[in-house]
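Open the model in your viewer and keep the selection panel at hand. The stops below go from helix packing to sheets and then to single residues.

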Amino acid sequence: MLATLSKKSKNVNNTIFILYAVVVAAFTLLLLYIAFNIQDEIYNYQKNPTYTILKANECTTISDDSAPLGVKNQCTLELEHRKQEQSVLMFYVIHQSVEVYHKGELLYSLKPDSSHTSYKTPGNNWIIVPIFDEHTNLQIIFTPAYETSIDMYPEFYYGNEHAIRMKIMGNSILTFMVSILAIIVGLIFIGFKVLTLKNPEIDKSLIMMGLFSVNIGLWKLTDLSSNSLLFSPNVVLSYFPLICLLLVIVPFSMYVKSILTTKIKSLWNIPCIVSVLLSLTTLIFQILGICDVREMLIYNHMLMLFVVIIAFITITTEIKLVGLSPKLKISITCIGLCFLGLVIDLIFYYYWNGTYITILGMLAFLIYIITLGIISIKDARKLMTIGSTANHFQEMAFHDQLTGLLNRTAYAEHTTNKLFDPHDCIIVMCDLNNLKKCNDTYGHDKGDNYITTSAAIIKKCFSTIGNCYRMGGDEFCVLIKGASMSACETYAKKLEKEAIDYTKNHPEEFPIKIACGYTSYDASIDYDISDTLRRADKKMYQDKKKKKNL
């Protein structure tokens, strides 16, 4: 029963991993398409500008049936004359088209690529408009792409461009550093799993934790307003953080699921499946122009709150059924911090329409990731040590210590397995002539050398077509599957030649003589493979007697 449940759980996990990979690949293709096919339309009036600092004025909302949402935001700026040769007007817009006029003359405009109607937004951008002496009065019109952008008025900076840029970059430095740290931590976890890929003690949960950390790092890193100062206006910059936020739930849920022990942990499959479906729905709606990624963001936020509820239910149940382990204590504390940070972040986000971003939730998640990551890697290293020790003992149990070949236990394990099929099998039996004479005359060290040398020759001749076993003393066996008797005869002749050549090339050592007999399984006379072995053994003794008479 437990094995069946474990198998079902593993199948569910694998299905979630595959679906998540499909979603990631799909969004990657979407971003690549946007990057190479969508270009915002920009018009910028300039007179050889040399940007040299800041002013804001009254703003109003006006009705306009030609606008996508039926409204536009309008601001009129009175600019004081400055002694500097030239100044610059800078302001940050979130999913708004922009037009800047002076006395009816268009100085600057930014709007979405009109050739792709499914993309409603020009993204988030810092607008930089060169200001000259004649530009004393400006009219700025904002056309919001979403309802959250209505009544959203930016703060205007007027003056020295370099000073403004330095202020903007300085405001982003903390978020930038935390984001880079999250990405580095995530890559370390993923790299650790990749380097230990063949080790079964290290499960996929570390990759999930790493993906989660990389996702939140990329989310915040690409959500920085300063990005549009470094890159030309590109809608990818506005879609990337939203997609990262969509992809963050599955790896987090799968990791938390992995640290729980009770059956109720299967509840974590729900947010995983819902997240994958929501991501695919968002992708399809975006492509078809039904709904934009940003308009679906509220559903992802609702799902994140649902994840917190699932965390509370599963952890509470875990404590009741299993108790409060040290790892669970840390999880409860960190998830509590994450919940608090997430709530504050969402309040700030919706209160200021996305213009004021905090990193409290991200910091809490980062603390959680680093703490649990360190614990997980320590636990993994312990498991690796235990696994390595177990593998060593298993190696000793199934291998002959003197020759390194498989031993009689390994042979019995193989041939008595219920999946073993003796049909089309050949047994080769080998025996060393005069081993007793070698031991009595030259000592057991020389006898051991005789055994190891002969074992090496047998392995050299037969290991490419079968498994070689030392059955005990001077007796060896080769179990061959799927080869013909004529091929086996060729390898047996090669064995005899190798033994003769070795003796010729090492005259100072005891002569190597290996008796050999072989036969194939015959269902008409053999009850099982043991009967085949006995017949091969008889043929080997015939060869042994023949070689002794030479």
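How are α7 and α8 oriented to each other, roughly parallel or roughly antiparallel? They are roughly antiparallel, a term for angles over 145 degrees, while under 35 degrees counts as roughly parallel, 65 to 115 as roughly perpendicular and the rest as oblique. Before going further, note that this is a predicted model, in which local features need pLDDT of at least 70, side-chain atom pairs count only at pLDDT 80 or more, and totals for chains, interfaces and linings use all residues. Residues are numbered from 1 along each chain as its sequence is written, and side-chain values use heavy atoms, with hydrogens and water left out.

**Stop 1: the helices around α8**

Select helix α7 (residues 269–288) together with α8; their axes come within 10 Å and cross at roughly 175°. Helices (H or I, at least four residues) and strands (E, at least two) are DSSP runs, numbered from the N terminus. Axes are lines fitted to C-alpha atoms, for helices over the stretch in contact, and angles run from 0 to 180 degrees between N-to-C directions.

Show side chains at the contact, meaning heavy atoms within 4.5 Å. From α7 come I270, P271, V274, S275 and L278, and from α8 come Y299, N300, L303, F306 and V307. By class, this contact of α7 with α8 has eight nonpolar, two polar and no charged residues. Here Ala, Val, Leu, Ile, Met, Phe, Trp, Tyr, Cys and Pro count as nonpolar, Asp, Glu, Lys and Arg as charged, and the others, Gly among them, as polar.

I249, F252 and S253 of α6 meet N300, L303, M304 and V307 of α8. The contact of α6 with α8 has five nonpolar, two polar and no charged residues.

**Stop 2**

Two strands pair if DSSP finds at least two bridges between them.

Zoom in on strand β4 (residues 87–94), which is joined to β9 by three bridges. L89 stands opposite Y158 in β9.

Within α2, select S179. Is S179 buried or exposed? S179 has a relative accessible area of 0% and is therefore buried; buried means under 20% relative accessible area, exposed over 50%, partly exposed in between (1.4 Å probe, protein chains only). Its side chain reaches the backbone nitrogen of L221 at 3.4 Å.

**Stop 2: the five-stranded sheet and α14**

Move to the open sheet with the order β10-β12-β13-β11-β14, where the pairing is mixed. Its edge strands, β10 (406–407) and β14, each pair on one side only. Helix α14 (residues 485–505) packs on the sheet and touches β11, β13 (475–481) and β14, and its direction makes about 175° with that of β14.

Select β14 (residues 514–520) next: six of its seven residues are buried, so the strand is largely enclosed by the rest of the structure. Strand β11 (residues 425–432) pairs with β14 in the antiparallel sense over seven bridges. I427 has T519 of β14 as its bridge partner, and C430 stands opposite C516 in β14.

**Stop 4**

In strand β11, pick V428, which is buried at 0% relative accessibility. Not counting residues up to four places away in sequence, V428 touches F462, F476, C477, V478, I480, C488, C516, G517 and Y518.

Finish with D543 in helix α15 (residues 529–548). D543 is buried, with a relative accessible area of 16%. Leaving aside neighbours within four places in sequence, D543 is in contact with I514, A515 and C516.

Note on methods: Polar contact = N/O pair within 3.5 Å; in protein donor to acceptor, adjacent residues only side chain to side chain.
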